[in-house]
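Here is a colleague's note for someone opening this entry for the first time. Please read it with the structure on screen.

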Amino acid sequence: MVVVARGLAKTYRMGEVEVRALAGVDLEIREGEFIVLLGPSGSGKSTLLNILGGLDTPTSGTALWRDHDLATAGEAELTRYRREHVGFVFQFYNLIPSLTVRENVALVTEIAPSPMRPEEALDLVGLTPRLDHFPAQLSGGEQQRVAIARAIAKRPDVLLCDEPTGALDYATGKVVLDVIARINRELGTTAVVITHNAAIAGMADRVLRLADGRIAGVDVNAHRLTAAEIAW
Amino acid sequence: MKAIDRKLVRDLAQMKAQAVTIALVIACGVAALVAALATYHSLRRSQEAFYVESHFADVFASIKRAPLALAPRIEAIAGLAAVELRVVHDVTLDVPGAAAPPVGRMISLPDRGLPLLNRLHLRAGRWPEDGRDEEVIVSEGFAMGHGLVPGDTLRALVNGRYQPLTVVGIALSPEYVFAIRGGEPLPDDRQFGILWVPRAGLAAAYDMTGAFNDLVAALAPGASEGAVIAALDTLLTPYGSLGAYGRAEQMSHRFIEDEIRQQGVMAQTMPPVFLLVAAFLLNVVLARIVAAQREQIAALKSLGYDNRTVALHFLKFVLAIATLGLVVGLALGAWLGALMTGNYVNFFRLPAMHFVLPPSVPLVAALVTLVAAGGAAIASVRSVVRLAPAEAMRPPAPRTFRRTFLERAGPLARIGTRARFVIRNLAGRPLRALVTIVGIALALPVTILGLFWVDALDHMIDVQFNAVERGDATIAFAEGVDAGVVHEIARLPGVRLAEGYRAVPVRLSAGHRDYRTAIVGLDRQGTLRRLFDDRLRQVAIPAEGLVLTDRLAERLGVRPGDAISVAVLEGDRPVREVVLAATVAEMIGLNAYMDVHALHRLMHEGDVVTAVAVAVDPAMADALYVRLKTFPRVATVAVKAAALDSFRRTTMSFVLVFTGILTAFAVVIAIGVVYNNARIALAERAWELASLRVLGFTRGEVAGMLFAELAIELALALPLGLWLGHEFVAWLVEISATELFSIPPVIAPRSYAIAALIVVAAAMASAWIVRRRIDRLDLVGVLKTRE
């Protein structure tokens, strides 16, 4: 088990209103698994991902990453966790506009304990010809592939993707999904992908359906589809 | 309140720290302007009030000895409204508790009634009673310096004998608002006092019965000063007049005028620095707000708000901050003005310091502030107007970055990615970086200007009293005496070295310009008084010809080699042509020197001295000064250490207040610039920095990347600021130089270091405040928004 969560709950105070984002989630993720978190807006999937990624802490419950409890970890410990073990891919890529493709990846490899070379990571996402371009010179799909290269270059234990295709067109979205699946398969990196696109569920080992802050259902795919085989 | 104005109030509240820091910079500029102008007007008003109250004379003259019978002829001079014929004599005093003998200037009071001109303002006690020759009124500064009150006694050395005197009154005189003795470099309330005494006794002691040796006169309205002076000179020259002169040459008056002028200079030079910085900050902050509120602007416009209303909305934002700064600045300026005016009480002995703030001052301050603020807003407001609603709804075009020249070629080719981040951000906005650097740099001249006075005064004291005047005391005689006295004094116990000088009162003229001063004849082998050029290289006294201080040469419009007409104002009053042999640099006074033998030849006289400078064994100094008090024919003994001590005491407290104010101002500038830049940098980079935090960068690393940029700007700003400080001081010194003083533009390395440290500390304090915001960056939120 890479991740074991028990009774995870999260309540936000938005001004005078209390928002219950997670209401008791139990979860286990095995090494090398491809997990899709499926659910509508407000179902709590991002909150869950943020807690698993060490960006947020739960109001109650435990979230064990190997033998560390992310729920009680301090700011410095969470930062180290993100730095050494987690790779993030976001809807808006979050690249640094003033750094080139290679430098955006180097930014992470320079602080990770045993990274691959930036060129190697960029080769895995097929961006070798674009090494010295700035983000503003790339298409959205290319930018997202840079973000993936940046996420995997540190050889993370887990790759967390929050709506990775949310800002992309159909064809580009499929290219990006293919890259994520390949990383999961070839490097054995555990991958957790958030989406509200049900079609993507077919690519996962397991699909966790979230609704109202709870896991409403779990689907196990006996046969994983490739990115080329899915359509929406 | 309209909804759009409510938005303004909320926007301001949202960024109150930035608004306040900018308002404070404006406040400093306004305060500097108001304080300087208030001090200017207050000094002017207080001076004028006293001059009017006391009937301060317009024309002055010293004569060797003239009969009182001349009075009707003097009074008949056309244009002369009133005249006072007095006996004035400098004597050595013996005041209980004073180690070095002070000099007292005894001025006669009329036999009957009170003086018509230069009336005394009695602070305590009473006027001397008729026939009581031992009763005196003492000047307030001297009385305070020695703790004298009515009823106390002191002794004056009159004609070699001690004469007891009783203090009956303490008074102020318009003639001695700034009590400095002619020929002395510094004022000294402990070493120089004015004693007003009944005429009869003083006249009897100095063979002036039925005669006078000093004249003060008032001009009739509309009378020509030049004509009256010419008439007086014609009348009095046969009686040994040193030449009548107007108020402009009266010592005390000149000092006050110089000081008032100085305040005028301050009012013109300091405020622009602050308002420039404030305008820059307003400009940058407003540009940032407009950028951040693009979509809101578009929304307002699409809702039907016209350009004028939207533009005015942002202009109001600037005006609100400017108004806050103006109000705080006016209050602060009035307070500082009162503080500075009050500080002059120790310098200028006036019956009352009237603090005045003419209504024109706040009006000028308001106008200047609004112009600066309005100017700062123009660019941003224009961009608001230009923005089409549809265009504003779209995100702005991404900034383009390139690899900088340095990274491609230079030593930076191999730097880490984080360093690149920092450098590209700097290079990506070169204008912003430049303006920030200049803004920070401007804090330094302000600090340096405050600190520099101490250095300049130290330097002046060091040069004047360690290099130029190396004697410990100067013994002056009432008139020229045989040079043999130098050897007599040299033999006194405690005297290590004695050198005689010959001072001759003269009027120097070249073309239509002239100046009254004294030529000091120096022994070319002498070591107690030396001359230097502007680079502190010693200048040998030429065997022939005149040596002038460079400011005097400039005033006369002469250069070495030019002929100067020297009209001697004593003895046979010869007029001769002398060639200017060299110029020297002296910071105090306009002086003239000659080889003593050449001077004797010019005067057709033998070996005569008027003063003796002595180097003294410190262990025996006190005994020596007591001995000198009774030495024959000695008029005064001026002790250097006493003068210096007193000068430091009065001046340094004055300077420290000034330094404190300017340092506080500089801190406000530094914090204003650094804090606002850090906040804007943070606002612009929040998305990037939060992204970096998500990627696993620690708070410290992220803060480091933001502050590295500031650190580089600071590192570039420091040398620029130090250089600006040097230039600013040099320029200020040049425009504020007076005839009596030229402040050396000397800045000690220590002052540069302190100025830099203050700015660095202010920058670090600002960074620390911003650092706490970095710690609170919203990591989750940043992932859900596009930049």
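1. Basis. This is a predicted model, in which local features need pLDDT of at least 70 and side-chain atom pairs count only at pLDDT 80 or more, while totals for chains, interfaces and linings use all residues. Residues are numbered from 1 along each chain as its sequence is written, chains are lettered from A and ligands numbered from 1 in the order in which they are written, and side-chain values use heavy atoms, without hydrogens and water.

2. Sheet of chain A. Four strands form an open sheet in the order E2-E1-E4-E5 (chain A), with antiparallel pairing. Helices (H or I, at least four residues) and strands (E, at least two) are DSSP runs, numbered from the N terminus, and two strands pair if DSSP finds at least two bridges between them. Strand E2 (17-29) and strand E5 (68-69) of chain A are the edge strands, each pairing on one side only. Strand E1 (residues 3-14) of chain A runs antiparallel to E2(A), and ten bridges join them. In this chain, A:Arg13 stands opposite A:Glu18 in E2(A).

3. Helix on that sheet. Helix H1 (residues 45-52) of chain A lies across E1, E2 and strand E4 (60-65) of chain A, at about 60° to E2(A). Axes are lines fitted to C-alpha atoms, for helices over the stretch in contact, and angles run from 0 to 180 degrees between N-to-C directions.

4. Interface. Contact (heavy atoms within 4.5 Å) involves 31 residues of chain A and 32 residues of chain B. The buried area, the accessible area (1.4 Å probe) that two parts lose on being put together, summed over both, is about 2900 Å² between chain A and chain B, with 60% from carbon and sulfur atoms. In chain A, A:Phe92, A:Asn94 and A:Ser98 lose the most area to chain B, together 19% of what that side buries.

5. Salt bridges. Between chain A and chain B there are five salt bridges (a side-chain nitrogen of Lys or Arg within 4 Å of a carboxyl oxygen of Asp or Glu). A:Glu75 forms a salt bridge with B:Arg699, with the closest N and O atoms 3.8 Å apart. H1, helix H2 (75-85) and helix H3 (101-109) of chain A are the elements that give two or more residues to the side of chain A that touches chain B.

6. Sheet of chain B. An open sheet of four strands has the order E2-E10-E1-E11 (chain B), with antiparallel pairing. Strand E2 (80-86) and strand E11 (245-246) of chain B each have a single partner strand, so one side of each is left without a neighbour in the sheet. Six bridges join E2(B) to strand E10 (residues 211-219) of chain B, and B:Leu80 stands opposite B:Leu219 in E10(B).
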